[in-house]
Amino acid sequence: MIKIHHLNHSRSQRILWFLEELGVEYEIIFYARDKETRLAPDALKEVHPLGKSPVLEDGEVKIAESGAIVEYLARTYGEGRFAPAIDGGLYNKYTELLHYAEGSAMLPLMLGLYVGRLGEAGAPLGPRIKSETVNHIGYLSGLLGEGEFFVGDMLTGADIQLSFVFEAASFGGTLKHFPNLQAYLDRLQARPAYKKAIERGGEYRLGA
């Protein structure tokens with residue numbers, strides 16, 4: 001059975017969601033953030049040297065990094081769903097967005113989260129972080145337009161990956177300025193598989 005090493009209030013929640021969408025059986029191994037530092041526990045270093053989550057185990061396969069996990073799950077269990085055909089015109093767009101989510105879009109959002117905790121000490125960085133956040137979220141708003149999903153007419157791994165970007169943007173207050181993205185996130189969070197993943201993974205609040 002698939003095992004997912006899951007840290008509360010973290011990126012790994014979207015992997016639980018994807019597993020529910022796939023309809024495969026899986027076991028959750030839970031880890032809790034330190035109540036003072038909000039960091040992952042040292043126990044995760046026994047799973048992966050970086051001590052980060054998510055980490056997926058499937059038999060002899062062990063994979064860290066959300067994008068790599070999403071790609072593996074879609075390829076192994078998707079049965080043609082959740083990713084466009086590799087020889088089709090949408091595949092390059094799919095892979096670009098799949099990696100863009102963590103490679104570019106999350107950087108200003110995470111900086112905003114961490115710098116915000118510094119109070120006045122972090123204030124000089126605020127305008128730059130805000131402008132870059134709006135730059136990325138505005139770019140994604142334009143890409144989605146009035147579409148239901150980012151790649152074609154079906155939910156793909158790109159949507160799974162990007163969901164955390166929009167949850168972080170919503171937490172920071174940016175998403176309210178982009179109604180098409182807010183509506184998109186609302187649709188994702190209303191999916192039965194998303195709700196089931198929250199039930200199984202436990203309370204999920206960014207910044208908690």
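In soluble globular proteins, nonpolar side chains tend to be buried together. In the predicted model, the largest nonpolar core comprises 56 residues, and those with the most contacts inside this core are L73, L140, F150, L162, V165, F166 and L181. The greatest contribution to this core comes from helix α3, spanning residues 91–116, which supplies ten residues. Another core, of five residues, lies apart from the largest one and includes L7, Y31, V47 and V55. When residues up to four places away in sequence are not counted, L181 touches I137, L140, S141, L144, F150, F166 and L175.

L181 also takes part in the packing of helix α6 against helix α4, where I137, L140, S141 and L144 of α4 meet N180, L181 and Y184 of α6. The axes of α4 (residues 126–144) and α6 (residues 179–189) come within 9 Å and cross at roughly 75 degrees, an angle that makes α4 roughly perpendicular to α6. By class, five nonpolar and two polar residues form this contact, with no charged residues.

A second pair is formed by helix α2 (residues 66–77) and helix α5 (residues 157–171), whose axes come within 10 Å and cross at roughly 155 degrees. Because angles over 145 degrees count as roughly antiparallel, α2 and α5 are roughly antiparallel to each other, and their crossing is right-handed. In this contact, S66, G67 and V70 of α2 meet G157, I160 and Q161 of α5, so that, by class, two nonpolar, four polar and no charged residues are involved.

How values were computed:
Residues are numbered from 1 along each chain as its sequence is written. This is a predicted model: local features need pLDDT of at least 70, side-chain atom pairs count only at pLDDT 80 or more; totals for chains, interfaces and linings use all residues. Side-chain values use heavy atoms; hydrogens and water are left out. A nonpolar core is a set of buried Ala, Val, Leu, Ile, Met, Phe, Trp, Tyr and Cys residues joined through side-chain atoms within 4.5 Å. Buried means under 20% relative accessible area, exposed over 50%, partly exposed in between (1.4 Å probe, protein chains only). Helices (H or I, at least four residues) and strands (E, at least two) are DSSP runs, numbered from the N terminus. Contact means heavy atoms within 4.5 Å. Axes are lines fitted to C-alpha atoms, for helices over the stretch in contact, and angles run from 0 to 180 degrees between N-to-C directions. Angles under 35 degrees count as roughly parallel, over 145 as roughly antiparallel, 65 to 115 as roughly perpendicular and the rest as oblique. A crossing is left-handed if the near helix is turned anticlockwise from the far one by less than a right angle, and right-handed if clockwise.
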